[in-house]
Amino acid sequence: MLLKPPDHITARERCSIVRLALTDFRCYEQLKLGADSRPVVLTGPNGAGKTNILEAISFLAPGRGLRRARMQDVTRNDKMLNSSPGILRWAISTTLETSTGNIKIGTGFENTGNGEDGGRRVVRLDESNANSHAMLGEVLAIVWLLPEMDRLFTGNAEARRRFLDRLVAAFDPKHITRLNNYTQAMRERTRLLRDDQAGLRNLDMDWVSALEQRMVESGIALAAARWSFVSRLGSACKLVVGSFPAAGLSLIGDVETWLDQYAALEAEDCFRTALSESRVPDREAGGALIGPHRSDFAVTHLSKNQPAAICSTGEQKALLISIVLAHARLVALDRGVPPLLLMDEIVAHLDAERRAALFDEICSIGAQAWMTGTDRTLFNDLGDRAQYFHVENAIVHTV
Ligand SMILES: Nc1ncnc2c1ncn2[C@@H]1O[C@H](COP(=O)(O)OP(=O)(O)OP(=O)(O)O)[C@@H](O)[C@H]1O
Ligand SMILES: [Mg+2]
């Protein structure tokens, strides 16, 4: 199927990293890299430091980066032994070029002197400290694709939910707050039920109900945001480009069924009743058995009318890329700026036609995609539409 997206679904503005500096981040003691707004291709042998650069950039999104790493794993090994209180264990600093001028944004992990894990994440925007990570999402949208995500459709629902929530957050940064509010209320309720079982306290029903009310309000808001996003993204996914297959998207779960059948307030009532009725099983299970934290993001190969999970490996990868490209077009349309794309080993299993389609689409959206690979020749089709760096032993050279 060869459909071109309408002209208005192309980027109106740009947001690109034009300077990246890393300090004591994984294998990099110091790295300074200058770039322009074109896509970036990083090639080099295994273990050279390519994915680490993508991971560093992923810390400019709220959360723990693309490897969901612990802070002591990210800190360069040698540095951990010598860091003293008050200084940054690792730091990432970037200059973003936007249509309204340059923005300096950075993040790092400040040592608080309480052992290996002791520290706090700091975020700096134009030389001032920002008060939360969530703010990062307001400044730029970042989406990543990793080789391990080739198994996204056959793996567990949690990974698919996480992928979906990142897409929603890149589209609407407030999604992170919804997610955090819901998770926090759910954890507090689980703790309360667990302590009761252990005989640590007599269950305070008013407290449990108050936490369930917080779960209901934040949970329905969370599910409704996913719901309306999936419906918009689903439409965008039908405008497939090049040889990528169109993906059909849906959400599966009790909360989604309620939202489908009832108005939001009634869906809240259903959720509230379900929670209060499942306190005993939840206590035994060690967590809530019902709620948007158990929903699944289901993907189908539309023209084959087949669930993604039973598609071939190459088809699953093509579906994933198709979703990410549709999402990038949607974000460009909605936020006026396409997301930054971090694509680790993206061309490894793509045939020549799909590689060319991917490159054309990235350039047409105007997204600064950071792509890695071991074989430089696989990027030849990009020509001077991209910039190239060779990475070896944590040293990066312009090619
Ligand atoms: N905390 C750390 N301190 C120092 N080095 C680290 C740390 N964490 C990881 N490394 C090292 O960084 C090196 C580069 O890793 P990276 O994942 O970036 O390689 P890569 O170029 O993506 O390789 P591949 O092609 O195999 O994916 C590895 O040798 C890894 O062991
Ligand atoms: Mg790698």
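Ala, Val, Leu, Ile, Met, Phe, Trp, Tyr, Cys and Pro count as nonpolar here, Asp, Glu, Lys and Arg as charged, and the others, Gly among them, as polar. This is a predicted model, so to speak from the start: local features need pLDDT of at least 70, side-chain atom pairs count only at pLDDT 80 or more, and totals for chains, interfaces and linings use all residues. Residues are numbered from 1 along each chain as its sequence is written, while chains are lettered from A and ligands numbered from 1 in the order in which they are written.

**View 1. The shell around ligand 1.** Sorted by type, this shell holds 2 nonpolar, 9 polar and 4 charged residues. There are 15 residues around the ligand, and Cys27, Asn46, Lys50, Thr51 and Asn52 come nearest (a residue is near a molecule if its C-beta atom, placed from the backbone, lies within 6 Å of it). Helix α1 (residues 50-58) gives the most, with 3 residues; helices are DSSP runs of H or I with at least four residues, numbered from the N terminus.

View 2. Domain 1 covers 1-140 + 339-399 and domain 2 covers 156-335, with bounds from an automatic or database domain assignment. Their centres, taken over C-alpha atoms, sit 27 Å apart. The chain averages a pLDDT of 90, and 93% of the residues score at least 70 (pLDDT is the predictor's confidence in each residue, from 0 to 100). Over residues 1-12 pLDDT stays under 50, and the model has 23 contacts beyond four places in sequence for this stretch; a contact means C-beta atoms, placed from the backbone, within 7 Å.

**View 3. Helix α5 against helix α7.** Helices α5 (residues 157-171) and α7 (residues 205-237) pack at about 85 degrees, with axes 10 Å apart. Axes are lines fitted to C-alpha atoms over the stretch in contact, and angles run from 0 to 180 degrees between N-to-C directions. The pair is therefore roughly perpendicular (65 to 115 degrees; under 35 is roughly parallel, over 145 roughly antiparallel, and the rest oblique). Leu164, Leu167, Val168 and Phe171 of α5 meet Ala225, Arg226, Phe229 and Leu233 of α7. That makes 7 nonpolar, no polar and 1 charged.

**View 4. Helix α5 against helix α6.** With helix α6 (residues 175-197), α5 makes an angle of about 135 degrees, axes 8 Å apart, so these two are oblique. Asp165, Val168 and Ala169 of α5 touch His175, Ile176 and Leu179 of α6.

Notes:
Contact = placed C-beta atoms within 7 Å.
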